[in-house]
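Reader: I would like to learn how to read a protein model. Please take one feature at a time.

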Amino acid sequence: MTKNQIHEWHERLEDGRKQYIRAYWNSREWEFQYAHPDGERWMLMEKPSTERWLELRDLLFRKYQRKKLPWKYVVYLDKMLEKMGISPTGGTVGEEDRDD
């Protein structure tokens, strides 16, 4: 992946406020940050959840579909997710469907 990529998206919190999320690639690793519109600066997200990683994967895939990002970046992230035990399609690797 090229160095210094920044991808941003937002979501609504339970209390109705917006939260902005930024994933920053610094040529070695991803760094997640978040901010609120009423806040002044971005705060570091120490351990991003599986949901955050899948949101980033979805964002990169949608950018690829619009020809804004090469496919190799999506593949690279998929490999990183698999090393972390996260399936790029959602859930964790090795997770089985149960009829409990």
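**Reading the model step by step**

Reader: Where is Arg-52 placed?

Author: Arg-52 lies in helix H1. Helices (H or I, at least four residues) and strands (E, at least two) are DSSP runs, numbered from the N terminus. This is a predicted model in which local features need pLDDT of at least 70 and side-chain atom pairs count only at pLDDT 80 or more, while totals for chains, interfaces and linings use all residues. Residues are numbered from 1 along each chain as its sequence is written, and side-chain values use heavy atoms, with hydrogens and water left out.

Reader: Is Arg-52 buried or exposed?

Author: Buried means under 20% relative accessible area, exposed over 50%, and partly exposed in between (1.4 Å probe, protein chains only). Arg-52 has 11% relative accessibility, so Arg-52 counts as buried. Across the protein, buried residues make up 33% of the 100 residues.

Reader: What does Arg-52 touch, leaving out residues up to four places away in sequence?

Author: Contact means heavy atoms within 4.5 Å. On that basis Arg-52 touches Trp-9, Glu-11, Gln-19, Ile-21, Phe-32 and Met-45.

Reader: Which side chain is joined to that of Arg-52 by a polar contact?

Author: A polar contact is a pair of N or O atoms within 3.5 Å; within protein, one must be able to donate a hydrogen and the other to accept it, and residues adjacent in sequence count only if both atoms are side-chain atoms. Here the side chains of Arg-52 and Glu-55 are joined by one of 2.8 Å.

Reader: How many helices and strands does the protein have?

Author: The protein has two helices and four strands. From the N terminus on, the order is β-β-β-β-α-α.

Reader: How do the axes of H1 and H2 cross?

Author: Axes are lines fitted to C-alpha atoms, for helices over the stretch in contact, and angles run from 0 to 180 degrees between N-to-C directions. The axes of H1 (residues 50-65) and H2 (residues 71-83) come within 9 Å and cross at roughly 165 degrees. That makes the two helices roughly antiparallel (an angle over 145 degrees).

Reader: Which residues of H1 and H2 meet?

Author: From H1 they are Trp-53, Leu-56, Arg-57, Leu-60, Phe-61 and Tyr-64, and from H2 Trp-71, Tyr-73, Val-74, Leu-77, Asp-78 and Leu-81. These divide into ten nonpolar, no polar and two charged. Ala, Val, Leu, Ile, Met, Phe, Trp, Tyr, Cys and Pro count as nonpolar, Asp, Glu, Lys and Arg as charged, and the others, Gly among them, as polar.

Reader: Is Trp-53 buried or exposed?

Author: Trp-53 is buried, with a relative accessible area of 8%. Its C-alpha atom is separated by 9.3 Å from that of Phe-32, 21 residues apart along the chain.

Reader: What is the phi of Ser-27?

Author: Most residues other than glycine have a negative phi. Ser-27 is not a glycine, yet its phi is positive, about 80 degrees. Ser-27 sits in the loop between strand S2 (18-25) and strand S3 (30-35) and is partly exposed, at 38%. Lys-67 also has a positive phi, near 65 degrees. Lys-67 is in the loop between H1 and H2 and is exposed, with a relative accessible area of 77%.

Notes:
Parallel < 35°, antiparallel > 145°, perpendicular 65-115°, else oblique.
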